Amino acid sequence: IVLKYAPTLPTVFYGWRFVVYNTEKFFIGGTGFTGQLGGPKQSGTFTTAALVAGYDFTIFDDIYVDWGIAAGGAGGRRHDEASDKEINEGGVIVEPWFGFNHKVGEKTDFNYSFSYFLTPNDKYLTGVSFNLRIDFIID
């Protein structure tokens, strides 16, 4: 379960992430999220899907560093009531992240991270994001 907050956008995105560890520390997988775009005078949606690759390492007993990159595509549209314009957003996304995982149970982790959400084809969405994630470990 993923929650993403981007200060440049008045929204919170929510979604999922699934990864498989290829070695003890290296993982690959996929992620996707969606959310509402806009504020009081704007409305719209935004959805993304990306491949994920990352690496983690232990720094304390139940705390480890988690870092990697997500790359994929996104799309969305919003309507600006003030100017009566439709704004199409999205394209390619690249999102490197760095965060910390904390064990909160035998098969549950809590993660918080910072990422740089880069959308080269879009002038509104690129920027730093804060992410919260709960991982459920499935054997």
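Author: A strand here is a DSSP run of E, at least two residues long, numbered from the N terminus. Arg77 is found in one of these, strand β5. The model is a predicted one.

Reader: What makes up the secondary structure of the chain?

Author: Zero helices and eight strands. From the N terminus on, the order is β-β-β-β-β-β-β-β. The C-alpha trace spans about 55 × 25 × 25 Å along its principal axes.

Reader: Why is Arg77 called partly exposed?

Author: Its relative accessibility is 45%. Buried needs under 20%, exposed needs over 50%, and partly exposed is what lies in between. At 45%, Arg77 therefore counts as partly exposed.

Reader: With which side chain does the side chain of Arg77 make a polar contact, and what makes the pair count?

Author: The partner is the side chain of Glu86, at 3.1 Å. The cut-off for N or O atoms is 3.5 Å, so a pair at 3.1 Å is within it.

Reader: Which residues is Arg77 in contact with, leaving aside its neighbours within four places in sequence?

Author: Ser43, Gly44, Thr45, Glu86, Ile87 and Asn88. Gly38 is 39 residues from Arg77 in sequence, and their C-alpha atoms are 9.9 Å apart.

Reader: How do you know that β4 and β5 pair?

Author: Two strands pair if DSSP finds at least two bridges between them. Strand β4 (residues 42-58) and strand β5 (residues 63-80) have 17, in the antiparallel sense, so they pair. One example is Phe46, whose bridge partner in β5 is Gly76. A hairpin through four residues joins β4 to β5.

Reader: What makes β5 and β6 a pair?

Author: The bridge count again. There are 18 bridges, and at least two are needed, so β5 and β6 pair. The sense is antiparallel. Tyr64 stands opposite Asn101 in β6.

Reader: How many residues lie between β5 and β6 in their hairpin, and which residue in the turn has a positive phi?

Author: Four residues lie between them. Asp84 in the turn has the positive phi, about 55 degrees.

Reader: Why is Glu95 called buried?

Author: Its relative accessible area is 8%. Buried means under 20%, so Glu95 qualifies. Glu95 lies in strand β6, residues 85-105.

Reader: Which side chain does a polar contact join to that of Glu95, and what makes it count?

Author: The side chain of Ser115, at 2.6 Å. The limit is 3.5 Å, so 2.6 Å falls within it. Beyond four places in sequence, the contacts of Glu95 include Lys4, Phe33, Ala70, Ser115, Phe117 and Asn131.

Reader: Where does Arg17 lie, and which residues does it touch?

Author: Arg17 lies in strand β2, residues 12-21. Not counting residues up to four places away, Arg17 touches Val2, Phe27, Gly30, Thr31, Val52, Asp66, Trp97, Arg133 and Asp135. Phe33 is 16 residues from Arg17 along the chain, with 8.7 Å between their C-alpha atoms.

Reader: How many positive and negative side chains does the chain have, and what makes a residue count?

Author: It has 11 positive and 16 negative side chains. Lys and Arg count as positive, Asp and Glu as negative. The centres of the two sets lie 6 Å apart.

Reader: What do the totals say about burial and contacts in the chain?

Author: Of the 139 residues, 38% count as buried. Among contacts with a separation of 6 or more, 49% come from residues 24 or more positions apart. The chain exposes about 7900 Å², and carbon and sulfur atoms supply 65% of that area.

Notes:
Residues numbered from 1 in each chain as written. Predicted model: local features only at pLDDT ≥ 70, side-chain atom pairs only at ≥ 80, totals over all residues. Heavy atoms only, no water. Buried < 20%, exposed > 50% of the residue type's maximum accessible area, 1.4 Å probe, protein only. Contact = heavy atoms within 4.5 Å. Areas by Shrake-Rupley, 256 points an atom, 1.4 Å probe, with all protein chains shown as cover. Charge placed at Lys NZ, Arg CZ, Asp CG, Glu CD. Polar contact = N/O pair within 3.5 Å; in protein donor to acceptor, adjacent residues only side chain to side chain.
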